[in-house]
Amino acid sequence: MKKNMEHQFNMLIREIRKEYVGNGPKEIHTRFVDNWAISEMKGNMTNIENFMISSREGQRMVHEARTKLVKQIYKNPMVLKKIEELMNAKIVSIFTDIDLDIDTAMTIYVFDKPIEY
């Protein structure tokens, strides 16, 4: 049952990222720990972003834009509702960052109660 919940969560996150960013991560691995969902996403960047990060200024721009965009996505009540309905818990906070050098993003979703699966 746990693997099924992780799979459903990963599919939802990929769908959300694809809708709002234009492409979803190639790989998502999520682990549930108490009231946290910790998602590692690989293969996030577009061809244009990969081109842009060849310069220091491009890296700064892509990192800033990606971080702001992801935070903005999770301010959307409809996005939160989809996640909260799947998890049967309210989101308390979300932490996110991306390492452009290895094209890996980490997002931690903190819920108001332990994840049940």
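## A buried asparagine in a loop

In this predicted model, N44 is buried, with a relative accessible area of 2%, where buried means under 20%, exposed over 50% and partly exposed in between, computed with a 1.4 Å probe on protein chains only. N44 belongs to the loop between β2 (36-42) and α2 (47-52); helices (H or I, at least four residues) and strands (E, at least two) are DSSP runs, numbered from the N terminus.

A polar atom of the N44 side chain lies 2.8 Å from the backbone oxygen of M41. Leaving aside neighbours within four places in sequence, the residues in contact with N44 (heavy atoms within 4.5 Å) include N23, P25, E49 and R66.

## An exposed valine in a strand

V92, found in strand β3, is exposed, with a relative accessible area of 56%. Leaving aside neighbours within four places in sequence, V92 is in contact with V110, F111 and D112. V92 and M5 are 87 residues apart in sequence, and their C-alpha atoms are 20 Å apart in space.

F111, again leaving aside neighbours within four places in sequence, is in contact with several residues, among them F9, I83, M87 and V92.

## How the model was read

Residues are numbered from 1 along each chain as its sequence is written, and side-chain values use heavy atoms, with hydrogens and water left out. Because the model is predicted, local features need pLDDT of at least 70 and side-chain atom pairs count only at pLDDT 80 or more, while totals for chains, interfaces and linings use all residues.

Conventions: Polar contact = N/O pair within 3.5 Å; in protein donor to acceptor, adjacent residues only side chain to side chain.
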